[in-house]
Amino acid sequence: MTIKQFEFRSRNGDAIRADVRFIESNTKKPVILCLHGFKGFKDWGPFPAIREKLALAGFVAVGMNFSHNGVGDDLQNFTELDRFAENTFSLEVTETEDVIGAIARAEITTSDAELPISAAEYDATRIGILGHSRGAAIGILVGSKSTLVRAVAAWAPVSKFDRYSDRQKAVWRERGYFEVKNMRTGQTMRLNASLLDDVEHHREYLDILHAAELMNS
């Protein structure tokens, strides 16, 4: 199995760290982009094994870290908590769209400006998304909007992003941030009010249930 790490720059210039796994066969294979959930990352828990299974089953499996997921260059630890605090749902949607578009155009490059996989190895007209939890919801939103995405597998997706009480929102705005505990690492991680603004200002754009209905229509 071939595994290649690469880095992609989003439309905003942010680094999206990723990897691709596939069995070299000189035949075009469908692509599956895997999206992690909240406080997750591409190399967390079962996800490398899942991408390996997908590759062995005849797919090209791509894993990506959202640019503001908090995990830095070492790919294993939350070392960018300032970026984590500034993340938004809309940003994750646009970054997924950027990566999907780059796959379709065969423009994903490594730092050496070389394609990490030959165009002979994957079919850019057959792209799917596999997402977990928050990543599953992002996949549904992107899949409902994109003509490039042929299928979405949503594992335990959240049904809405506006999941906070009026009291929680009031405290969030007063402080300017909301804190969550990472039970695995013990870190206290902040979510700035920009995330709440994103939820409230883009309700239609971030309507997961409506997006799912569009995909089923």
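In which handedness of crossing does α4 pass α7? Here are some notes on that and a few other features.

1. **Ground rules.** This is a predicted model, where local features need pLDDT of at least 70, side-chain atom pairs count only at pLDDT 80 or more, and totals for chains, interfaces and linings use all residues. Residues are numbered from 1 along each chain as its sequence is written, and side-chain values use heavy atoms, with hydrogens and water left out.

2. **The α4/α7 pair.** The crossing of α4 past α7 is left-handed (the near helix is turned anticlockwise from the far one by less than a right angle; clockwise would be right-handed). Helix α4 (residues 134-145) packs against helix α7 (residues 208-216) at about 50 degrees, and their axes lie 8 Å apart. Helices here are DSSP runs of H or I with at least four residues, strands are runs of E with at least two, and both are numbered from the N terminus. Axes are lines fitted to C-alpha atoms, for helices over the stretch in contact, and angles run from 0 to 180 degrees between N-to-C directions. The two helices are therefore oblique to each other (under 35 degrees is roughly parallel, over 145 roughly antiparallel, 65 to 115 roughly perpendicular, and the rest oblique).

3. From α4 come A137, I140, L141, G143 and S144, and from α7 come I208, A211, A212, L214 and M215; contact means heavy atoms within 4.5 Å. These residues divide into 8 nonpolar, 2 polar and no charged (Ala, Val, Leu, Ile, Met, Phe, Trp, Tyr, Cys and Pro are nonpolar, Asp, Glu, Lys and Arg charged, the others, Gly among them, polar).

4. **The sheet.** An open sheet of 6 strands runs in the order β1-β2-β4-β3-β5-β6, with mixed pairing; two strands pair if DSSP finds at least two bridges between them. At the edges are β1 (2-9) and β6 (149-155), each pairing on one side only. Strands β3 (residues 29-35) and β5 (residues 122-132) pair in the parallel sense over 6 bridges, and C34 stands opposite L130 in β5.

5. **Helices on the sheet.** Helix α3 (residues 89-105) packs on the sheet and touches β1, β2, β3, β4, β5 and β6, its direction making about 155 degrees with that of β5.

6. **A polar spot at D162.** This residue is in the loop between β6 and α5 (166-175). The D162 side chain makes polar contacts with the side chains of K169 (2.9 Å) and R203 (2.8 Å). Such a contact is a pair of N or O atoms within 3.5 Å; within protein, one must be able to donate a hydrogen and the other to accept it, and residues adjacent in sequence count only if both atoms are side-chain atoms.
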